[in-house]
Amino acid sequence: MTTAKSIDELKPDDRVLSCKYIEMGSCFEPGGVHCCIQGSVRSPLIITADEIRNGQVSHDLVVQRRRALFTALNGLSVGPTDPCRTCANLKPKKYRDVSFEYLGGESLSAGLNIQHYTDCNQRCKYCLWTVEDYFVKPQYDPLEYLEVFRKKGKLRGNNWIDFSGGEPSMLKNFGALLGYLLDNNMGTVVVYSNSVIFSQSIYDALKRNKIILTTSLDAGTPATYKKVRAMNAWPTVIRNLIRYRNSGTKGLWLKYIITDDNRTDDDLWGFALAMLAIRPDKIQICPDFPYGERQLPDETVQFAAKLFHILERLTGMRPVDYTTDFGDPKWVKYHEDLKKAIQELEKRNPYGDFETFQKLKPASSMRNLANGLRRSVDRFWDSDFRKKLLPPESTSAKWATIAYRRTVGRFV
Ligand code: SF4
Ligand code: SF4
């Protein structure tokens with residue numbers, strides 16, 4: 001590594017330690033902006049919420065703060081370096097290739113997160129904000145920070161943007177924030193919404209295939225949904241998901257987080273049938289993140305295996321393991337145990353053959369036509385126009401009813 005004593009002594013060919021997140025990442029959370037937020041791990045704060053609120057953020061200031069972290073990590077100054085010091089993403093490179101000028105430019109997982117608030121309409125049992133009872137309104141406007149880069153021509157696209165929180169659809173300026181990310185072609189935007197509130201902004205962006213919507217359902221029955229997410233909202237969420245599905249999007253992702261409360265057969269089958277009906281573009285399965293020393297219970301592994309087995313057979317869709325990239329030993333063990341449990345189920349095939357379900361066909365076009373006709377007739381019959389034309393209880397109404405039943409009504 002370099003023998004320079006200060007950043008001014010660094011030569012272009014000197015080998016230094018740097019990280020793409022320090023150079024271009026910007027993750028917004030209530031306290032301010034970090035270079036990265038990976039679960040409960042986050043880099044030192046670069047810009048505070050106060051500095052954004054007070055209009056003190058400039059491009060020079062962000063570059064200066066990133067550089068300060070970089071020089072401390074390279075032993076050229078003194079300052080906080082945890083957790084970067086021991087992070088695998090800190091890699092040697094030539095100083096000439098280091099730049100702190102830009103915001104974004106590469107699809108880095110957890111490198112551009114919008115979560116400057118935690119306010120939410122639910123209280124999911126597994127959510128860290130619920131556990132810590134930490135629900136706060138937006139602490140500042142991320143657009144003020146993004147604008148600093150845009151005005152300098154230093155805002156780049158091709159990012160992976162996680163827009164979470166909290167519940168994003170509750171933000172007063174949600175449409176403006178989402179619109180900004182899309183209008184500036186900042187990259188793939190993944191919106192994490194519980195879908196209790198139907199958002200026209202989400203629908204419109206889904207329709208244009210501009211975003212991915214991820215909703216965690218975590219249940220197969222209304223009772224379990226209420227137990228896990230502390231809200232009696234299963235029918236509302238299903239209704240909104242169907243509306244989002246009908247946008248024609250290719251970006252509807254649904255998730256099942258397995259907890260101690262939702263590992264029943266009723267939930268398994270209820271969820272599988274809901275997936276058969278909604279047909280999401282991706283199904284993600286993820287055990288509740290165990291914090292501290294807690295190990296993943298065997299019941300969770302067995303339930304996850306059943307979900308993988310049944311969903312694939314019933315819907316023809318292969319679910320995705322949300323934890324594939326997690327490298328902690330307990331996750332490695334989970335991946336091995338899960339693989340074995342799925343193989344064992346495949347060998348035993350306890351639920352038989354679902355071929356007929358996979359070949360489930362939509363209703364025939366004649367049936368659809370008949371259903372449409374019946375809906376039109378029902379609408380006409382309930383209309384004020386019909387009531388004027390054929391007043392209820394009148395002889396003409398009775399004759400019209402008999403005529404309908406003996407003709408069109410026999411077929412629809
Ligand atoms: S070194 Fe690791 S912890 Fe630090 S900013 Fe990079 S990815 Fe984040
Ligand atoms: S919807 Fe999301 S943010 Fe809200 S409580 Fe549940 S997990 Fe937490």
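Predicted model: local features only at pLDDT ≥ 70, side-chain atom pairs only at ≥ 80, totals over all residues.
Domain 1 spans residues 105-358 and domain 2 spans residues 365-410 of the protein chain, the bounds being taken from an automatic or database domain assignment. Residues are numbered from 1 along each chain as its sequence is written, with chains lettered from A and ligands numbered from 1 in the order in which they are written. Local features need pLDDT of at least 70 and side-chain atom pairs count only at pLDDT 80 or more, whereas totals for chains, interfaces and linings use all residues.

The shell around ligand 1 (residues whose C-beta atom, placed from the backbone, lies within 6 Å of the molecule) includes Cys-19, Cys-35, Cys-36, Cys-84 and Cys-87. Tyr-21, Ile-22, Ser-43, Pro-83, Asn-89 and Leu-90 also belong to this shell. By class, nine of the residues around ligand 1 are nonpolar, two are polar and none is charged. Nonpolar here denotes Ala, Val, Leu, Ile, Met, Phe, Trp, Tyr, Cys and Pro; charged denotes Asp, Glu, Lys and Arg; the others, Gly among them, count as polar. Around ligand 2, the residues include Cys-120, Cys-124, Cys-127, Arg-123 and Glu-167. That shell divides into four nonpolar, five polar and two charged residues.

Ala-274 is part of helix 10, residues 265-278 (a DSSP run of H or I, at least four residues, numbered from the N terminus). Ala-274 counts as buried because it has 20 C-beta neighbours inside 10 Å, the criterion being 20 or more other C-beta atoms, placed from the backbone, within 10 Å of its own. Beyond neighbours within four places in sequence, Ala-274 is in contact with Gly-220 and Ile-238 (C-beta atoms, placed from the backbone, within 7 Å). The C-alpha atom of Ala-274 is separated by 9.9 Å from that of Ala-219, 55 residues apart along the chain.

Technical notes: Helix = DSSP H or I, 4+ residues; strand = E, 2+ residues; numbered from the N terminus. Buried ≥ 20, exposed ≤ 12 C-beta atoms within 10 Å, placed from the backbone. Contact = placed C-beta atoms within 7 Å.
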